[in-house]
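Colleague: Thanks for making time today. Please show me the model, and then I will work through my questions with you.

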Amino acid sequence: MRTTPSSFQKVAPMLAVLLFSILSAFPAWAAPKITAEGAKVTVDTDRYQMVLENLAVTSIENKLTGEKYASPGKAAGAAAKQLIAEQGVSIESLRPAVPVKRFAISEKTKISSKVEGGKAEITYVGLQYGTGKDAEFDDDMTISLSISVDAKTGDLIVTPEIKANIELVHGVRDRGVLRNSLEVLNLEDNLKIILPVADGVAFTAADVPKDWQKSPARFNWPMVWEAGLFIAESAKGCLGVWADDPKLNYGRHLSLASSQGRWDAAFEFETNDLIYLCDEIKGASWRLNVFKGYWVEAARSYQNQVMIGQWGMKPLSERTPAWADKIRIAIGSYTSAAGAELIPRDTAINFTSQGWLKGWNDGQIRAKNGNDYFPNWPLEYPTHFEAADNFPEQAAAIEKKGVHVFPYTNSTIIDATHPWMADKIHDRHFASWRIWQRFYPELCLDVVKKYGVSGIYEDCSWVMGRHSNNSPDGENWYSGDVRMHEYFNKLMPEIGVCGERNNEVTARGQHFALTITQYPEHAHPIGAFIFGPFIKVWNLQPSPAGMDPDDIRGFITTWPSWGLTPLQENGMTLKRGLYFAKEQLRSHWPEKWDPSAMHYFKGKDGAEYRFVRDHGTRFVKMRPDGGMDSIYWRLHGLQEVAAPGAGINGWVAYDGDKIIGMNPAVPFYVAENDVKRPPVIISSIPSGFAVQRSVVRDGCWLVSLAPLDQLKVLPSPELPAPKIEQSVQTLKVRSEKPVRFVGVESSKEISKGEYEVKALLPGAFAATWTEPVALKLDKAPQELGALPTTWSIHDRLSGLVYNTGKPDGAPSQLRPPAGEPPGQESTISWLLTLPAEKCRLEFVYGTEHGYGDGANYMVRVNGREIWKAYRRQTSENPEEAKAHKAPPVEKASVDLSAYAGQAIILELAVNGNQSGGSETISWLQPRIETSLPATK
């Protein structure tokens with residue numbers, strides 16, 4: 001009798017425990033039950049029960065949470081009916097008069113089904129286009145629907161394969177298969193639909209756009225629908241539907257509609273082959289699964305299976321160049337040496353525009369080629385991507401500071417009329433041609449060697465849909481782009497690549513991407529989750545109009561580099577950028593998501609940071625005791641809120657603990673620490689009023705207040721200030737030093753540093769803590785340009801300060817910027833004491849710049865408008881206007897006698913009317929004289 005060795009007897013219990021632990025690490029799912037009855041297939045697993053009828057999933061039950069996501073039998077609304085009409089196969093013709101035809105299942109279709117080897121097969125033979133007398137039945141079209149369950153993941157795999165059997169006539173076809181379809185219908189309307197669209201959006205039935213009731217919303221991969229994933233989230237779990245096409249042979253399309261208490265979605269694969277070559281679609285599947293927990297569970301499954309599993313994508317932290325993973329700041333233009341010193345080394349990149357190229361700005365490229373193209377190839381051809389004269393020195397200096405420079409390139413900007421090009425390319429599409437996939441990286445290597453840059457900016461916005469030219473090497477735009485980047489990374493492993501799209505194609509070969517959030521009101525961080533490990537993304541528009549203002553995707557917006565960004569926004573963006581760079585913040589995804597948290601981050605030391613909703617948005621660092629330290633706070637919709645330790649750059653309506661009196665119809669920007677504030681603040685404001693605008697100077701400030709109901713809509717800039725009944729109102733003002741008040745009815749100090757001020761409201765008043773300039777006009781007029789002054793640009797609706805500076809030009813010609821119409825205006829101001837005798841303000845206004853729609857010039861005293869004129873910038877004579885000839889500059893005189901002997905704040909203000917972004921503004925020879933002009 002064979003006996004077990006004693007040594008094995010000793011280890012056997014340990015092996016049994018080890019074997020049990022290995023087996024228990026995988027869920028012990030029961031075998032799925034799949035049944036088929038005609039065109040209806042039911043799939044029952046431990047996770048879900050799903051029913052497919054014809055080419056649609058019509059019923060879904062999440063057994064993990066006990067919820068039903070879809071139930072059959074609901075009435076179809078107009079949008080849903082349109083989706084149902086899209087079932088089947090799209091056939092495209094080469095004949096221009098023949099539309100794309102959708103062939104679908106009809107009464108004539110022969111349907112057979114079977115279940116074999118754990119897989120259901122449904123075959124539909126014969127499809128029909130149209131109905132009635134226009135019906136066109138083709139008995140040689142076949143759809144084979146394969147339905148199975150992945151034993152490893154539990155995913156339901158649905159593969160709709162199309163065989164059109166389109167005949168050849170004279171050796172060629174004149175039509176071919178364009179798309180196939182699979183629909184998911186009857187989804188409950190209480191589900192939140194979450195899509196990796198424009199970096200991430202989320203819709204509910206309550207806030208779905210109204211036009212979706214009329215027709216479906218449509219998203220195309222990879223340009224807008226950046227990952228082939230659809231998520232429907234419930235209270236306890238979620239449903240995921242995603243594309244399974246490892247070779248990127250097909251495009252993907254999503255249509256989504258909400259109507260009559262249900263969601264409906266349609267999913268399609270589209271051929272990337274030429275239509276006359278395409279007779280079938282095969283080898284591409286859709287996967288469906290349910291999860292317990294919020295949307296991250298479905299997104300994580302997709303990320304692990306497709307991006308890491310099938311495609312073998314490596315996180316940026318495991319790729320070269322190593323510095324790419326440290327980048328947190330994007331700079332829109334060359335930063336100064338002082339600015340570069342603030343940035344930790346290897347944390348910032350500077351992407352350039354086409355302007356770095358020689359001949360771009362002066363038009364020589366267009367003059368030589370007739371368009372904006374470079375010959376570029378062959379590499380021995382003398383004209384390549386050549387730098388402008390000053391670029392090499394600039395690039396070297398910025399690289400030396402540790403900022404990585406990315407000169408603009410484009411693999412499609414070539415001169416196709418060059419004889420060598422015309423002979424070799426023969427209308428082949430660039431990325432689909434293997435030799436072209438070599439040429440572009442080698443051209444970039446030439447740029448790197450010539451100028452010593454560490455990055456390449458690649459204009460790849462063309463990776464967006466079916467290519468229109470030949471694919472001689474079996475590639476398409478998608479797969480060809482990926483293959484091209486594989487060679488780029490092999491050729492230059494230490495060179496970073498920045499593209500223009502945040503999607504699965506760019507994330508497989510690039511390190512960075514630009515993007516623009518298209519649905520800020522529905523922004524969702526799914527894009528940050530899916531692509532965050534693989535590619536760094538930043539938004540091109542650092543303003544609330546074009547993005548979620550807090551950039552919840554987990555990377556930093558453009559480093560402040562443009563003058564017309566609000567000072568408060570600039571300060572916050574810069575501060576946020578430095579935090580992200582120095583702390584190396586990364587997106588963090590906790591198991592439970594606090595409803596008040598917009599996004600989570602963790603720093604290099606493990607500290608947690610959050611964007612939270614709190615009277616607007618706060619960016620905070622979490623303390624060990626659970627408290628929050630604000631890094632900055634963007635307030636919104638409030639007239640008064642406790643804000644200890646916060647301050648507003650350039651604002652007067654702040655008392656150390658509360659933000660008071662601002663316009664609650666617009667966001668307010670609050671930056672903490674080291675904020676320079678005037679020594680005077682408003683501590684109490686009458687009910688129903690808010691700060692409309694303020695002017696802050698070294699020795700004075702002026703504040704204008706208006707009724708709240710007037711501050712909701714921006715008035716037309718050319719309209720004069722409306723005449724509103726004024727009344728004396730009481731305000732309280734606090735000051736750190738003795739002040740005098742200007743433009744008030746009365747004022748008194750009620751306690752040390754606390755003043756009670758009575759002023760006419762709506763209106764304006766000011767406080768001063770320096771001596772006004774006393775004007776003596778007995779010998780000569782006072783030239784205002786000879787006195788020190790500053791201009792500032794502010795928002796006409798909220799008073800938010802955008803920029804400040806010293807006027808350009810000689811003292812006799814003051815040239816402030818016009819601001820961006822119609823929302824902004826600029827002011828130049830002086831604190832003066834007028835002489836006791838009568839006096840007037842004399843000036844000439846306007847320029848000889850004959851462009852734009854004109855500008856409004858205004859004179860204000862103590863915030864009250866006493867003169868206004870609109871000036872055309874183009875001549876009324878059509879011929880002169882065509883030649884951009886401006887009307888002659890104009891003279892004006894404003895009587896200041898009512899303020900004789902008083903201290904005043906004098907403002908020269910301008911706005912660029914409705915669209916005058918090209919306006920130039922000049923106040924010529926502004927001066928104060930004593931004698932009044934003769935009256936008629």
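Colleague: Let me start with a helix. Which elements do the buried residues of α9 pack against?

Modeller: This is a predicted model, where local features need pLDDT of at least 70 and side-chain atom pairs count only at pLDDT 80 or more, while totals for chains, interfaces and linings use all residues. Residues are numbered from 1 along each chain as its sequence is written, and side-chain values use heavy atoms, with hydrogens and water left out. Helices (H or I, at least four residues) and strands (E, at least two) are DSSP runs, numbered from the N terminus, and contact means heavy atoms within 4.5 Å. With that settled, the buried residues of α9 pack against β16 (217–221), β19 (250–259), α8, β27 (455–458), β28 (496–499) and α10 (504–507).

Colleague: Which residues of α9 are buried?

Modeller: By buried I mean under 20% relative accessible area, with exposed over 50% and partly exposed in between (1.4 Å probe, protein chains only). In α9 that gives Trp477, Tyr478, Ser479, Gly480, Asp481, Val482, Met484, His485 and Phe488.

Colleague: How far apart are the end C-alpha atoms of α9?

Modeller: The expected span of a helix is 1.5 Å times one less than its number of residues. Helix α9 has 15 residues (477–491), so it should span 21 Å, and the model agrees: its end C-alpha atoms are separated by 21 Å.

Colleague: Which residue caps the N-terminal end of α9?

Modeller: Look for a side-chain oxygen 2.8 Å from the backbone nitrogen of Tyr478.

Colleague: Now to α6. Within what arc do its buried residues fall?

Modeller: Helix α6 (residues 391–400) buries Phe391, Ala395, Ile398 and Glu399. The arc is that of the directions from the helix axis to the C-beta atoms. Seen down the axis, the buried residues of α6 line one face of the helix, because they fall within an arc of 100°.

Colleague: Which exposed residues does the opposite face of α6 carry?

Modeller: The buried residues of α6 pack against β25 (403–406) and α8 (434–451). The face turned away from that buried side carries the exposed residues Glu393 and Lys400.

Colleague: Which residues touch the most other members of the largest nonpolar core?

Modeller: A nonpolar core is a set of buried Ala, Val, Leu, Ile, Met, Phe, Trp, Tyr and Cys residues joined through side-chain atoms within 4.5 Å. Of the 97 residues in the largest one, the best connected are Ile60, Leu156, Leu187, Phe230 and Trp295.

Colleague: Staying with α3, how far is the C-alpha atom of Ala299 from that of Gly527?

Modeller: Ala299 is found in α3 (residues 296–310), and it counts as buried because its relative accessible area is 0%. Leaving aside neighbours within four places in sequence, Ala299 is in contact with Leu229, Ile231, Phe529 and Ile530. Ala299 and Gly527 are 228 residues apart along the chain, yet their C-alpha atoms are separated by 9.6 Å.

Colleague: Is Asn186 buried or exposed?

Modeller: Asn186 is found in strand β13 (residues 182–188), and its side chain reaches the backbone oxygen of Thr58 at 3.2 Å. Among the residues Asn186 touches are Tyr69, Lys74, Arg262 and Trp263. Its relative accessibility is 5%, so Asn186 counts as buried.

Colleague: Which side chain does His599 contact?

Modeller: His599 is found in strand β33 (residues 597–602), and it is buried because its relative accessible area is 0%. At 2.9 Å, its side chain makes a polar contact with the side chain of Ser587.

Terms used:
A polar contact is a pair of N or O atoms within 3.5 Å; within protein, one must be able to donate a hydrogen and the other to accept it, and residues adjacent in sequence count only if both atoms are side-chain atoms.
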